[in-house]
Number of protein chains: 2
Amino acid sequence: MSKISKTPQPPYYAVIFTSERTEGDKGYGQMADKMVELAFQQPGFWGVESVRDNTGLEITVSYWESLEAIKNWKENALHKVVQDKGKTVWYKRFALRVSKVERDNFFEM
Amino acid sequence: MSKISKTPQPPYYAVIFTSERTEGDKGYGQMADKMVELAFQQPGFWGVESVRDNTGLEITVSYWESLEAIKNWKENALHKVVQDKGKTVWYKRFALRVSKVERDNFFEM
């Protein structure tokens, strides 16, 4: 099964989250799975692509219908708890970028 | 050293490239390193973040000053050769999305 999101026609929004983790899992994997599950229940959520390597580097890109949908997700109560824990426990550093997808191009062999 | 790009104040552009590879390296790693080296020589290139796992899934996000800088990179002669080879040899499927970063947020422990 493809791990690439089937997003609709642009424009739509992408949240690009690049992170470097502290040592050890400390419940991170389980939390990440839970957050994806929760995101799929959000209105205006259009998918997520995520890659993690064994050095603790990760890029997760989530796709959204609107800035409002992103704001609602940011303010989700459970997600807020996780955001706080991210800064104290899991992440050494991260960058979060909110962007508007203007065009896209899909290829399949 | 951080693998997160130190991009300037928004707005700027992000090219989100998510791919699933065919089996085996077939010169992919070497080409990818070469492309990063070449991108750094492009006007308006502001950095790249890339994560690859051992299942062949990869997300690479490159940052650019303008749509014109992205277009010039797309049309770079050596890059064009690599794009063609990507479709015939390296990639099972991919999605390429051009987006405009409207806001960002950096965290460091």
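Helices and strands are here taken as DSSP runs, numbered from the N terminus, and the model to which these legends belong is a predicted one.

**Close-up 1. B:Lys26, in the loop between strand 1 and helix 1 of chain B.** Although B:Lys26 is not a glycine, its phi is positive, at about 45 degrees. Because its relative accessible area is 42%, B:Lys26 is classed as partly exposed, a class that lies between the limits of 20% and 50%.

**Close-up 2. A:Lys26, in the loop between strand 1 and helix 1 of chain A.** With a relative accessible area of 42%, A:Lys26 is partly exposed.

**Close-up 3. The cis peptide bonds from A:Pro10 to A:Pro11 and from B:Pro10 to B:Pro11.** In chain A, the bond that leads from A:Pro10 into A:Pro11 has an omega near 5 degrees, and A:Pro11 itself belongs to the segment before strand 1 of chain A. In chain B, the bond between B:Pro10 and B:Pro11 likewise has omega near 5 degrees, and B:Pro11 sits in the segment before strand 1 (12–21) of chain B.

**Close-up 4. Helix 3 of chain A, which spans residues 77–90.** This helix of 14 residues reaches 19 Å from its first C-alpha to its last, which is close to the 20 Å expected at 1.5 Å a residue. At the start of helix 3 of chain A, a side-chain oxygen of A:Asn76 comes to within 3.0 Å of the backbone nitrogen of A:Leu78. The buried residues of the helix are A:His79, A:Val82, A:Gly86 and A:Trp90, and the elements of chain A against which these buried residues pack are strand 1 (12–21), helix 1 (28–39), helix 2 (67–74) and strand 4 (91–108).

**Close-up 5. The packing of helix 1 (residues 28–39) and helix 3 (residues 77–90) of chain B.** Two packed helices are described by the angle between their axes and the distance between the axes. For helix 1 and helix 3 of chain B, the axes come within 11 Å and cross at roughly 150 degrees, so helix 1 of chain B is roughly antiparallel to helix 3 of chain B, the cut-off for that description being an angle over 145 degrees. From helix 1 of chain B the contact is made by B:Tyr28, B:Met31, B:Lys34, B:Met35 and B:Leu38, and from helix 3 of chain B by B:Leu78, B:His79, B:Val82 and B:Trp90. The crossing of helix 1 past helix 3 in chain B is left-handed.

**Close-up 6. A:Gln30, a residue of helix 1 of chain A.** A:Gln30 counts as exposed because its relative accessibility is 65%, and the threshold for that class is over 50%. The C-alpha atom of A:Gln30 is separated by 24 Å from that of A:Gly44, which stands 14 residues apart from A:Gln30 along the chain.

**Close-up 7. B:Thr60, in strand 3 (residues 57–64) of chain B.** At a relative accessibility of 16%, B:Thr60 counts as buried. The side chain of B:Thr60 is joined to that of B:Ser50 by a polar contact of 2.7 Å. When neighbours within four places in sequence are left aside, the residues in contact with B:Thr60 are B:Val15, B:Ile16, B:Phe17, B:Val48, B:Glu49 and B:Ser50.

Conventions: Residues are numbered from 1 along each chain as its sequence is written. Chains are lettered from A and ligands numbered from 1 in the order in which they are written. This is a predicted model: local features need pLDDT of at least 70, side-chain atom pairs count only at pLDDT 80 or more; totals for chains, interfaces and linings use all residues. Side-chain values use heavy atoms; hydrogens and water are left out. Helices (H or I, at least four residues) and strands (E, at least two) are DSSP runs, numbered from the N terminus. The expected span of a helix is 1.5 Å times one less than its number of residues. Buried means under 20% relative accessible area, exposed over 50%, partly exposed in between (1.4 Å probe, protein chains only). Contact means heavy atoms within 4.5 Å. A polar contact is a pair of N or O atoms within 3.5 Å; within protein, one must be able to donate a hydrogen and the other to accept it, and residues adjacent in sequence count only if both atoms are side-chain atoms. Axes are lines fitted to C-alpha atoms, for helices over the stretch in contact, and angles run from 0 to 180 degrees between N-to-C directions. Angles under 35 degrees count as roughly parallel, over 145 as roughly antiparallel, 65 to 115 as roughly perpendicular and the rest as oblique. A crossing is left-handed if the near helix is turned anticlockwise from the far one by less than a right angle, and right-handed if clockwise.
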